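I opened this notebook to record what I looked up in the structure and in what order. The sequence and the coordinates come before my entries.

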Amino acid sequence: MAVKKKTKDKDKDDKKVPSLKSSNTLGLEYTPRSVVDRTAKKRTGGADAIEAQQALGTVEPVVADRPEGGEPYISEQMKLYRAWLKKQKDKALGGGGGSTALTEAQKLANQLAALKIQAEYDKADREAQKVLDDREATALEKEEAAATRQRKFSALSEVANIYGRQGAETDALYGGQLEDLPSRQQADLDALLQAVSAGKETITGAENQFLSSLVAPQAYSDVPLVDFSTAQPVNPLMGALGAEGAGTAGVTGQSAMDAQLAAQYAQLARSSAQQLNTGSQNYLAALRNAGTGAAAAGRQHLGMGQNMYQNQINTKYSDLTNQLAMQRLQAQQEAAARTAQAQADAAEYGQAPVDVPVDLPATPPPVDPNAAAAAAAEAERKKREREAAIAALNAARRNQF
Amino acid sequence: MSMMDNYGDYGLAEASALRRRQRGSLANQAAAFQGQKRGKRNLEDISRNYTEGYQPLASSFGQRGLGGAGVKSGIRRSGLSRYAEKFQRDLGAETQNIQDDLNNVAMQEADQQAELEDYIAQLRLQKAQQIMATAASLQQYASY
């Protein structure tokens, strides 16, 4: 009787579950509610209570026997609960001084409970190890992510700086060119003016040289024409003939006619030379007019060319200015856009704390102590009903034999 | 006429024309000299021929009793007058030939000189025109 009472007390102690109502933040590992429901439905025999407590308390019922300090994330209450759970497991496995009066059904139930507990034990152990591994991996990943983030931030910041400097250099480059354009345009205009002036001087020089080279034509003005009209030949024979009685009238008449013919021919030649000389003078005037007209046309052409090229130079530099301004604007916008993009990219890896998304276990929901107590009462009730059913079944078997 | 024919030949065309003109002038001078020489010779021939023909003419009148000492016939006087007139006509014709030759050479010389002056003036005009055209073209700005 005493032994029986002692055993009862011991069972009472064993059934005393460490209270989990002291705090809502127990630091327990995660146990989904579905697990609690599922384990409550499958509860059988003496293992149901254990299983129910296990489900209510933690998913790591036997991790408490691990070395101290190796699991800083597990609270002291959890460790006590684990120790109690381990004790229950040993008891269920027969190492805890169980009663020898257990029926066959109870033994089977105890073995089933022991197997379930062992399975839960292994599962909890794996999950705990997984959490540890995940946390270690998470720490490494965080460290690597921080380093990578810093590298990317530095690189992108440098890229942003480079594009920023590029924008400034682009501005300086195009700005210098744009500043030079007016002076270059003025230089071209001055050169054009100088070319026009030189052209005018050349034209004037050619004109003067040509006009000075024109000399009054003398070819027909002083032609050495011969006129024998006043110098008819006289022969001594004529005197002798006259002395012999020859008449002089015929000779005189012939001489007069010859003189007249000679005078006529000479006059004709002089007149021809005079006309030719006049023609030469007119031709000289025509040459002078041609030279003067060519010079005037050249000056006019120069004036037109000056206006035309001046306009073209102005147009060219205006177009060039617009093109450079457009190119500078495009380059600046491109550099600014790239700078902004690089800065935005760098900002993503900025100095803010690194929070790399890691596939961590979800935060365990807080355990409701009232729900745990209700679940324990429900488990106790179901236990009694099962025991009653088992007893009725045994009685029926005995009556059958 | 290409550029090489005028100022672009650096005066070669003008020099060539001047040289041709010099040769032409020498030829004209030679022609004038030869014409004068030929005319003089012809005049001398005419004088000589008529001088040499006078004695036979006078003798013919004497042989026919139309001339001689104290005889002054009308036929003889008429014959001598025609002889003198013919002599004068030949002299005048040859003198006119000489004048024409000399004047033709003179006019040819004048024509050649006038042609030379015109040609040189044309060369200088074309030279000036091309210089002016080049200066007015502003070729260095053709790219604009």
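Entry 1. Which residues have the most contacts inside the largest nonpolar core? Working on what is a predicted model, I found that this core has 19 residues, and that A:I203, A:A206, B:A128 and B:M132 are those with the most contacts inside it.

Entry 2. I followed A:A206 and, leaving aside its neighbours within four places in sequence, noted contacts with B:A128, B:I131 and B:M132. I also noted a second, separate core of 10 residues, which includes A:L237, B:Y50, B:L80 and B:Y83.

Entry 3. I turned to the contact between the chains, where 58 residues of chain A are in contact with 46 residues of chain B. On the side of chain A that touches chain B, α5 (104-213), α6 (236-243) and α7 (249-348) each supply at least two residues, and α7(A) gives the most, with 28 residues. By residue class, I recorded 36 nonpolar, 18 polar and four charged residues on that side of chain A.

Entry 4. Buried residues make up 31% of its 144 residues, and, of the contacts in chain B with a separation of 6 or more, 78% are between residues 24 or more positions apart.

Definitions and conventions:
Residues numbered from 1 in each chain as written. Chains lettered and ligands numbered in written order. Predicted model: local features only at pLDDT ≥ 70, side-chain atom pairs only at ≥ 80, totals over all residues. Contact = placed C-beta atoms within 7 Å. Helix = DSSP H or I, 4+ residues; strand = E, 2+ residues; numbered from the N terminus. Nonpolar A, V, L, I, M, F, W, Y, C, P; charged D, E, K, R; others polar. Core = buried A, V, L, I, M, F, W, Y, C linked by C-beta atoms within 7 Å. Buried ≥ 20, exposed ≤ 12 C-beta atoms within 10 Å, placed from the backbone.
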